[in-house]
Amino acid sequence: MLTWEQAYTAGAAAVGGKGWNLSRLHRYGFAVPAGGVLDASVYRSLVETPEVAVSLEEIREVGAHDVASARVGRLLSGIRERLVDLGLPGPVQAAVAAFLREHGLHDQPVAVRSSAVGEDSEGLAFAGIHDSVLNVRGPEAVAKAILQCFASLWTPQAVAYRRRFKVGDLDTPCAVVICRMVGDETAGPAAAGVAFSCEPVTGQR
């Protein structure tokens, strides 16, 4: 588990696009909620276990148009189930629990968000493809939400997107951002949104 300061130093290759950009905002004084990033090495270690690696071999040659087939759907469902069933390694789960305690988040609602390496780049967005889990409370629930984020890299839409842009299945390991939910604990924020104007280089609206 990395603090925002440590995540900035580790870079996007370790903490993914969301994690690194949040750490940059924190570095320059923006009011980023309390939290940090579980770096992508944890995901790598899980997908390299024999139980998961064998399944990944089965879908290596699957193309973008094959993803909708029932057979591939079953294979992907199996991969997701194996990742969730493996659970986080004991030391990782302990590190997450300790981090939550140290930052006063162990009994507070947090957001648990996928932050895959390479998902926010010049040619790729992955917007909305990987999971975020909101209003998660307590170390056990956070551990389950982390596994849900990992599993979301193996949905049909995520695999189809990688195939379409010729991204290797293991070239986008997943870090996970954990941060406090914004707003009053009972009411939550009044509003949230994203504004788009125009692309700053081309001027396209």
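## The largest pocket

By class, 10 nonpolar, no polar and two charged residues make up the lining of the largest pocket. The model is predicted. This pocket has a volume of about 240 Å³.

The lining residues are Leu22, Pro33, Ala111, Arg113, Leu134, Cys179, Arg180, Met181, Val182, Pro189, Ala191 and Ala192. Strands E3 and E5 each supply at least two residues of this lining.

## The sheet

Five strands form an open sheet in the order E1-E2-E5-E3-E4, and the pairing is antiparallel. Strand E1 (2-3) and E4 stand at the edges. Each has a single partner strand, so one side of each is left without a neighbour in the sheet. Strands of a sheet pair through backbone hydrogen bonds, either parallel or antiparallel.

E1 and strand E2 (residues 35-38) pair over two antiparallel bridges. There, Thr3 has Gly36 of E2 as its bridge partner. E2 also pairs with E5, again antiparallel, over four bridges. Gly36 stands opposite Ile178 in E5. E3 and E5 run antiparallel and are joined by seven bridges. Ile178 of E5 is the bridge partner of Val112.

## Nonpolar cores

The largest nonpolar core has 37 residues. Val112, Val142, Ile146, Phe150, Trp154 and Val176 touch the most other members. Helix H3 (41-47), helix H4 (50-59), helix H5 (70-86), helix H6 (90-102), strand E3 (110-116), strand E4 (132-136), H7 and strand E5 (174-180) each supply at least two residues of this core. H7 gives the most, with seven residues. A second, separate core has 13 residues, including Trp4, Ala14, Val15 and Ala111. In soluble globular proteins, nonpolar side chains tend to be buried together.

Trp154 is one of the core residues that touch the most other members. Leaving aside neighbours within four places in sequence, Trp154 is in contact with Tyr43, Val47, Leu56, Ile59, Leu76, Ile79, Arg80, Leu83, Val159, Arg162 and Asp169.

## Helix H8 and Arg162

The buried residues of H8 are Ala158, Val159, Tyr161, Arg162 and Arg163. They pack against H4 and H5. Just after H8, Lys166 takes a positive phi of about 55 degrees.

Arg162 is found in helix H8. Is this charged residue buried or exposed? Arg162 is buried, because its relative accessible area of 0% falls under the 20% cut-off. Not counting residues up to four places away in sequence, Arg162 touches Phe126, Leu153, Trp154, Val167, Gly168, Asp169 and Thr172. Asp169 is also among the contacts of Trp154.

## The loop at Ser152

Ser152 is found in the loop between helix H7 (139-151) and helix H8 (156-164).

What does Ser152 contact beyond its neighbours within four places in sequence? The partners are Ser114, Ile129, His130, Asp131 and Ala158. Ala158 is itself one of the buried residues of H8. Val133 lies 19 residues from Ser152 along the chain, and their C-alpha atoms are separated by 11 Å.

Terms used
Residues numbered from 1 in each chain as written. Predicted model: local features only at pLDDT ≥ 70, side-chain atom pairs only at ≥ 80, totals over all residues. Heavy atoms only, no water. Contact = heavy atoms within 4.5 Å. Core = buried A, V, L, I, M, F, W, Y, C linked by side-chain atoms within 4.5 Å. Buried < 20%, exposed > 50% of the residue type's maximum accessible area, 1.4 Å probe, protein only. 1 Å grid on protein atoms, 1.4 Å probe; cavity = no way out; pocket = protein on both sides within 12 Å on 5 of 7 lines; lining within 4 Å. Points joined across faces, edges and corners; volume = space filled by probe spheres on them. Nonpolar A, V, L, I, M, F, W, Y, C, P; charged D, E, K, R; others polar. Pairing = 2+ DSSP bridges.
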